[in-house]
Amino acid sequence: MTALVAEIERFDKLSSTWWNKRGPMRPLHVINALRLGYVVEQVAKHVGRMPSHALYGLRILDVGCGGGLLAEPLARLGAVVVGVDASPGNISAARSHASLHGVPVDYRLGESAEVVSPEEKFDVVLALEVVEHVQDMPAFMANAARHLAPGGLMVVSTIDRTWKSYLFAIVGAEYILRVLPRGTHHWSMFVRPEELGTALAPHGLVRQDLRGMRYQPLQHRASWFSDTRVNYIATFARPANKDRDPSAQAT
Ligand SMILES: C[S@@+](CC[C@H](N)C(=O)[O-])C[C@H]1O[C@@H](n2cnc3c(N)ncnc32)[C@H](O)[C@@H]1O
């Protein structure tokens, strides 16, 4: 299993704050519009549709969905969304919020390997701000990649492991400006972009895009940035002619 008990417990304690735009999840609220636009743009380009209709009818798996900050708007745009999270509190917060607002999302409690059957395939798999919280990142990515349909896209966002991320994402964000609770991140668990590529290559996924994101903590604003050494988002594609995970052929 790839969930870390201490991490899940920590998220669980914060679950009631998930939809509070000024609470501990504020940075996720701030980056949400940017990453939603990114997913729509990447999918539209990939499937050759207008952005306004890009997601319609597509199946999306959101692994580590938290309280559903992105799952909900994706469903509103017409996608059929399954959200998976190992924290009972987060899944409960996600279900309550979705039902209150009449948004159809299929939320499942557990890890993807436990609650998504091997036969279930998705056009898009998301792993947003989660890989820096798991143990055995390659195993986590392998579990997620298994559910990507041929020709599908995987979008991953996380924090790079650099001196700059130590300064900005740990010292600045948690200790000086306190935009995140202390202990939210562990620098050694940050993930280099090439490590994601290495983890996904055995499953036939190829990187198509890599983009830096900048979070301005004083203004609580997010924007695209040419530098990927702190926050970044990346898109990987499974070629349409790869009808199965090549790593599965060896077993
Ligand atoms: C920082 S939150 C990100 C939530 C959401 N993806 C977002 O960006 O709004 C990380 C989430 O991943 C979940 N998580 C951590 N490890 C997991 C695992 N191995 N499987 C499923 N969920 C996991 C946590 O419970 C938490 O809700």
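Predicted model: local features only at pLDDT ≥ 70, side-chain atom pairs only at ≥ 80, totals over all residues.

**Overall fold**

- The secondary structure of the chain comes to 9 helices and 8 strands, where helices (H or I, at least four residues) and strands (E, at least two) are DSSP runs numbered from the N terminus.
- A compact globule of 251 residues would have a radius of gyration near 18 Å, and the chain agrees with this at 17 Å; the radius is taken over C-alpha atoms, and the globule rule is 2.2 Å times the number of residues to the power 0.38.
- Along its principal axes, the C-alpha trace spans about 50 × 40 × 35 Å.
- Of the 251 residues, 43% count as buried, a residue being buried if 20 or more other C-beta atoms lie within 10 Å of its own, exposed if 12 or fewer, and partly exposed in between, with C-beta atoms placed from the backbone.
- Among contacts with a separation of 6 or more, 70% are made by residues 24 or more positions apart, two residues being in contact if their C-beta atoms, placed from the backbone, lie within 7 Å.

**The sheet**

- An open sheet of 8 strands has the order β3-β2-β1-β4-β5-β8-β6-β7, with mixed pairing, where two strands pair if DSSP finds at least two bridges between them.
- The edge strands of this sheet are β3 (105–109) and β7, each of which pairs on one side only.
- Neighbouring strands of the sheet are turned by 20 degrees against each other on average, direction ignored; the axes are lines fitted to C-alpha atoms, for helices over the stretch in contact, and angles run from 0 to 180 degrees between N-to-C directions.
- β1 (residues 59–63) and β2 (residues 80–85) pair in the parallel sense over 5 bridges, with Leu61 standing opposite Val82 in β2.
- β1 is also joined to β4 by 3 bridges in a parallel arrangement, and Asp62 has Leu126 in β4 as its bridge partner.
- β4, with 7 of its 7 residues buried, is mostly covered; this strand pairs with β5 in the parallel sense over 6 bridges, and Ala127 stands opposite Val156 in β5.

**Strand β8**

- Because 7 of the 7 residues of β8 are buried, this strand is largely enclosed by the rest of the structure.
- In a regular strand the side chains alternate between the two faces of the sheet.
- Asn231, Ile233, Thr235 and Ala237 point one way from β8, whereas Tyr232, Ala234 and Phe236 point the other way, and all are buried.
- β5 and β8 run antiparallel and are joined by 7 bridges, with Met154 opposite Phe236 in β8.
- β6 and β8 likewise run antiparallel, joined by 7 bridges, and Leu210 has Ala234 in β8 as its bridge partner.

- The 22 residues of α2 (residues 26–47) should span 32 Å at 1.5 Å a residue, and the end C-alpha atoms are 32 Å apart, which agrees; the expected span is 1.5 Å times one less than the number of residues.
- In α6 (residues 137–145), the buried residues are Met137, Phe140, Met141, Asn143, Ala144 and Ala145, and what covers them includes β1, α5 (112–115), β4, β5 and α8 (193–200).

- Tyr215, found in β6, is buried, with 22 other C-beta atoms within 10 Å.
- Tyr215 and Ile31 are 184 residues apart in sequence, yet their C-alpha atoms are 7.6 Å apart in space.
- Not counting residues up to four places away in sequence, Tyr215 touches Pro27, Val30, Ile31, Ala222 and Asn231.
- Tyr166, in α7 (residues 163–176), is partly exposed, with 15 other C-beta atoms within 10 Å.
- Leaving aside neighbours within four places in sequence, Tyr166 is in contact with Val171 and Trp187.

Key. Residues numbered from 1 in each chain as written.
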